[in-house]
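Open the model in your viewer and keep the selection tool at hand. We will go from the whole chain to its parts, one stop at a time.

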Amino acid sequence: MLSNLQPQAPDSILMLIEEFKADTRQGKIDLGVGVYKDPQGVTPVMRAVKAAERRIWDTQTTKAYTGLAGEPEYRNAMARMVLKDVPGDRLASLATVGGTGAIRQALELARLANPGATVFVSNPTWPNHLSIMKFMGLPFVEYRYFDAETRGVDFDGLKADIARAGKGDIVLLHGCCHNPTGANLTMEQWEEVAAILEQSGAIPLIDLAYQGFGDGLEEDAAATRMIAARLPEALIAASCSKNFGIYRERTGILFALAENTAARDLAQGSMAFLNRQNYSFPPDHGARIVSTILSDESLRADWAAELEEIRGTMLGLRSQLASELRDLSGSDRFDFIGRHRGMFSRLGATPEQVAKLKSDAAIYMVGDSRLNIAGLNRDTVPVLARAIIDAGI
Ligand code: PMP
């Protein structure tokens, strides 16, 4: 039986990691995988996470199963963090296996509710969105997003394309820190998107994987909160991997905002059912770390402060890179790097130029020219800037 299997296409980012490891050149720079690294190249365990784990170790008396939808403490704390004003009578929530699990369950829920739904996704988007939808056999179409000229958002293209989504279709939006481009909508543009969805009855599915990595914890959730306040229905898939630095704990959450309490109850039941069918109970350790931090004033303050340090480091690297490139190119054509937000920027280089960075300068980035800003430090920024110019980008 097993010999009937077809080889699966390898994940291009994971392949890049292997290639980087095998490169023996001194001074090689990894700007590939989407993980935060501090200036020493370490992905740290955050202070508050360590403290919460210690507390859990001290006080936890059982490892018995949690609820199918996860612990209410976690779901409530996350609802407050993401939405602030929680419409409790309309909100269903589900602890999931990371943000990826939340997206998968959101798409499963959408298919259960409306088997004919088409999903609208940004071009480009996080490749796993496409891969999951293909695997599920969900129909999807891309909407214009990245303006190759300005390296900002092609907002007219986006509006025209998402206006084609009909009632009950899903429009997948990155709540902040768009992956892979780093280009984001302004709040005014988000309002226009909300108006289009309001008009058509298409349902937003907001992927919020980087809250706190862009303009701040509150600022990065502002668009999601506005959509939740304005539209009758929305799906929100949030990840704690980046902002709590607990990647391997697999901690995420799906919120479904329903039109009324009866629909909320239906959604809650179907969401728990989906966990049951896929892996039964969701993982608890990461969720417990998060709820321990969010419910304790001093842990929360320390976590928020460290998250701000991380965000500040990335912003500092962005402005340093933009300014080095301004000097070297004698132009402002790289200023978009300073305007982008989150861990990534799409440079807008050709695959050949990306290959040249690798072969000539041992600088690794994803083939579509997405670079992870957090892979840099103050010393490697000038090296990258020089290499970008030398590669003719
Ligand atoms: N959405 C986006 C846009 C992401 O970049 C990621 C992480 N790479 C995720 C969702 C999911 O993250 P995780 O499953 O690790 O929580």
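Here is the tour, beginning with a word on the model.

This is a predicted model, in which local features need pLDDT of at least 70 and side-chain atom pairs count only at pLDDT 80 or more, while totals for chains, interfaces and linings use all residues. Residues are numbered from 1 along each chain as its sequence is written.

**Whole chain.** Select everything: the C-alpha trace spans about 60 × 55 × 55 Å along its principal axes. Switch to cartoon view to find 14 helices and 13 strands (DSSP runs, H or I of at least four residues for helices and E of at least two for strands, numbered from the N terminus).

**Two domains.** Next, colour domain 1 (11-45 + 309-390) and domain 2 (65-295); these bounds come from an automatic or database domain assignment. Their centres, taken over C-alpha atoms, are 28 Å apart. Where they meet, domain 1 supplies 19 residues and domain 2 supplies 23 (contact means C-beta atoms, placed from the backbone, within 7 Å). Now pick strand E11, residues 344-346: with three residues, strand E11 gives the most to the side of domain 1 that touches domain 2.

**The ligand.** Finally, centre on the ligand, which 13 residues surround (a residue is near if its C-beta atom, placed from the backbone, lies within 6 Å). Show Gly 98, Gly 99, Thr 100, Ser 239 and Ser 241, the closest ones. Which helix gives the most to this shell? Select residues 98-113: helix H4 does, with three residues.

Terms used
Two residues are in contact if their C-beta atoms, placed from the backbone, lie within 7 Å.
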